[in-house]
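Here's a short tour of one protein model. Have a look at it first, then read on.

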Amino acid sequence: MRDIMPVNGLFEMPTLPYEGLGDIISKETLSFHHGKHLKAYVDNLNKMLPGSGMENLPLSEVVKKSEGGLFNNAGQVLNHAMYFEQFSNQTSPMGEKMKVLLERDFGSVEAFKKEFEQKGATLFGSGWVWLSVDAQGKLVITQQKNAENPVTMGLSPLLTFDVWEHAYYLDYQNRRADYLTALWQVVDWAVIESRL
């Protein structure tokens, strides 16, 4: 995972490398999700950082060491940065290394996707579904509530789908499962593999 470093003690708003993702994630959803929700998390995090003793830590360390409002905003900045970074209109296909790992730990790529979607669809309330690597190099799928991130469990996150309603409601209304299935079309596997 590429960590995010503060600049002069503050975190910058992650840039969005696309305006929309066709029929998968609309420009309108991105305008609200990236331009308003994520911006609010970045702004709130930067208001809370001064005097916290964490002003110069990488974002993942702030997530690991903070609590309360600071944790919630830092976690959401990290989660959203990873989420938006992993998509593209010109995606790279899954490489052989990732395919081998998914087959080893889930039986097949299709079985992995099915379990990942199921965990995302059945997470009660708001949160995230993650593919991560544990300390032994095994791939694991976790459900994380609210602003939680697998780094707090000693895992290295690779892929995430956001299941907060603001991530999909304008495009999919209450059809969370359809949203999860559609996202595979815009996952850039080169980005995911770079996080290994």
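What follows covers a helix and some aromatic rings.

## Ground rules

This is a predicted model, so local features need pLDDT of at least 70 and side-chain atom pairs count only at pLDDT 80 or more, while totals for chains, interfaces and linings use all residues. Residues are numbered from 1 along each chain as its sequence is written, and side-chain values use heavy atoms, leaving out hydrogens and water.

## Helix α1

Helix α1 runs over residues 27-48 (helices are DSSP runs of H or I with at least four residues, and strands are runs of E with at least two, numbered from the N terminus). Its 22 residues should span 32 Å at 1.5 Å a residue, and the end C-alpha atoms are 30 Å apart, which agrees. The expected span is 1.5 Å times one less than the number of residues.

Among the buried residues of α1 are L30, H33, Y41 and L45 (buried means under 20% relative accessible area, exposed over 50%, partly exposed in between, with a 1.4 Å probe and protein chains only).

## Aromatic rings

The structure holds 14 aromatic pairs (Phe, Tyr and Trp rings, using the six-membered ring of Trp, with centres within 6.5 Å; planes under 30 degrees apart are stacked, over 60 edge-to-face, the rest tilted). Y83 and F87 make an edge-to-face pair, 4.9 Å centre to centre with 90 degrees between the planes. Both Y83 and F87 are buried.

F161 and W184 form a tilted pair, at 4.8 Å and 55 degrees. That pair links distant parts of the chain: F161 sits in strand β3 and W184 in the loop between α7 and α8, 23 residues apart.
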